[in-house]
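Open the model in the viewer and keep the sequence panel beside it. The stops below go from selection to selection.

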Amino acid sequence: MTITQWPHTAAEPDPLSLAPTAVSETPDFVSETQKRNPDDATPPAPRGPLTGMQKLAIGGIVVFALVLAGIGLYLSFAHVAEFAHKKLRFGSLDKGRLFAVGVDVGIMVMIAVDLLMAWLKRPITWVRYPVWLLTSATVILNAASAAPKDKKWELLDYVAAFAHGVVPILFIMIVEVGRDAIDRIVRPDREGRDAIPLIRWVLAPVATPRIYRRMRLWGVASYPEMVRRQQDLLAYEQWLKRKYDGDLSQASDDERLPMKMAPYGYTVAQALAMPGEQEQAARKRAEDAERQRRDTETRRKIAEAEAEAEELRAQGRVEETRAEVEGQTGQARAHARAQVSAAERAAALEQEALDNAVVAEGRAREAQAERKEAEARRAAAQADLEAAGLERQAAEERRLAAEADQVAAAETQAIETQVAAEARRAAAQADLEAAELERQAAQKRKEIEEADQVAAAEARAIETRTVAEARRAAAEADQAAAETEAAAAETRRVTAETARKEAEDIERQAQAAAGAEAARKAAAETAKAAAETHLAAAEIERRAVEIEDEAKLLPRQRGIRKVARLALTAGLVPDGLALEDVQQELNELVSIADVQSACDVSSTDTASKYRTEAAALIAGGYRP
């Protein structure tokens with residue numbers, strides 16, 4: 001073998017290994033580099049349905065796995081709960097138990113979700129990592145619960161800590177095995193991935209992680225394929241060293257490409273072929289760009305030629321049309337002159353007639369509008385007059401009814417109040433007299449009892465002891481009865497006094513009702529006066545409208561007079577006042593909004609002018 005010869009390794013490169021592509025987390029979508037060497041790979045044997053013994057074995061495994069999970073939960077529950085309560089500062093042992101249950105339930109739920117998704121052929125890769133994390137936390141908590149308290153660690157302490165974490169680790173290992181088994185059963189055609197032998201991890205602890213990283217990053221599923229690539233790279237590197245006497249810095253960039261691209265999943269052959277492929281791709285891009293440029297230039301020239309031809313055709317059509325139009329224009333010009341002169345004369349006559357008609361129609365419309373406005377004002381004044389008359393009649397009827405109601409109510413209430421008061425007063429007086437008589441009777445009984453007591457004392461010598469005791473008891477009973485009679489008399493007296501006060505309250509209420517009735521009568525009189533005032537204002541408005549209609553005033557003049565009447569009706573007394581004072585009082589009594597509403601104007605400036613001219617009109621002696 002010469003120095004320029006390409007060295008061959010003991011194993012030929014995999015002909016199926018192409019340039020690496022991005023690999024998804026899902027094993028269904030992998031790059032071409034995941035395919036095994038046909039010499040090493042054997043097609044998976046077709047799988048039929050499980051036999052009875054296989055199903056029985058699976059059932060036994062599941063049962064033992066659940067037993068192991070129950071043992072692990074039972075062993076770790078008490079340790080984790082007590083450790084959480086004492087060391088992790090949970091408030092109580094119950095809270096520590098809840099913490100332990102939460103961790104264990106979380107682990108079981110995540111495991112169930114992972115196995116379910118693997119069974120449904122939709123595995124979620126990241127779910128395994130929280131399970132590992134929670135299991136590691138459980139292992140650490142179990143191991144920490146076995147730590148010595150007040151002494152240094154000894155060998156037995158380490159063994160005890162390890163023993164506390166063995167069962168959770170075994171359970172997670174069984175779960176991972178079960179997950180992989182389910183994945184293999186539900187997806188029998190899934191591409192497998194070789195594992196790096198354990199002996200290599202032991203013998204080459206530095207280089208093996210790099211190989212594992214490249215296999216995982218760039219989707220190389222075959223371990224022999226990865227070994228062949230590594231051998232090719234080492235052989236090529238040795239060949240370069242021999243070529244340049246051990247100085248690789250003399251090698252060109254293209255020659256050093258296999259060493260640079262190896263961490264990115266490229267084989268030696270692919271890295272060496274990369275410059276040629278890139279140059280070929282660049283040439284293809286340049287050729288495509290040149291072809292596209294020529295196509296664009298050709299299309300541009302064709303478009304320019306078509307545009308020029310279209311322009312020439314358009315110019316020919318324009319010239320033809322111009323000649324035709326000029327011939328027709330000469331013939332129509334003379335005819336147009338005659339028609340223009342006749343049209344001008346007819347237009348002049350028509351315009352004159354139209355002006356006269358417009359003027360006449362405008363005057364007729366103005367007259368019609370003024371007549372309609374006068375009729376509307378007359379109708380409004382008549383309606384106000386009738387409404388005022390009806391209101392006055394209604395006020396008179398309300399006043400009469402109020403007076404009748406007041407008289408009847410006053411008489412009825414006075415009679416009822418007087419009779420009830422007399423009756424209560426008589427009853428109270430009778431109760432007072434009865435109470436006084438009862439009090440006197442009680443006093444007399446008390447005097448008689450005292451006399452009896454004196455007589456009993458005088459006759460005590462001749463009476464027997466039994467008779468004396470009986471008389472004493474009778475005297476005490478009579479005294480108690482007398483005191484009861486006195487209390488009853490006092491109660492009746494208080495009741496009579498209460499009845500008297502109630503009679504006085506009823507009399508005061510009758511007087512208040514009479515005052516309220518008087519107030520209602522006054523309100524009725526006020527309503528009547530307001531109705532009469534409104535009637536008088538309506539009558540004045542009606543007369544003013546008739547006078548304005550006779551004088552044929554303009555709408556503006558009518559509006560100014562209406563504002564003046566509003567001010568006078570509102571209480572303006574212009575006698576002896578200057579124009580400025582009249583203007584000021586009118587502005588206080590009649591607002592801009594009142595003027596806009598009464599005169600049907602929308603402009604505030606117009607309403608303000610109406611008020612100013614109305615003040616001047618009132619100051620000049622206007623009285624409706």
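Buried means under 20% relative accessible area, exposed over 50%, and partly exposed in between, with a 1.4 Å probe and protein chains only. Helices are DSSP runs of H or I with at least four residues, and strands are runs of E with at least two, numbered from the N terminus. This is a predicted model, in which local features need pLDDT of at least 70, side-chain atom pairs count only at pLDDT 80 or more, and totals for chains, interfaces and linings use all residues. Residues are numbered from 1 along each chain as its sequence is written, and side-chain values use heavy atoms, without hydrogens and water.

Select helix 12, residues 579-589: its buried residues are V582, Q583 and L586. They lie on the same side of helix 12, because they cover an arc of only 100° around the axis, taken from the directions from the helix axis to the C-beta atoms. E580 and E588, on the other side, are exposed.

Next, select helix 3, residues 128-145, where Y129 and W132 lie three residues apart, about one turn of the helix. Y129 is partly exposed at 47% relative accessible area, and W132 is partly exposed at 34%.

Finally, colour by pLDDT, the predictor's confidence in each residue, from 0 to 100. The chain averages 76, and 80% of the residues score at least 70. Confidence is lowest in helix 10 (residues 465-551), at a mean of 74, and highest in helix 7 (residues 223-243), at 91.
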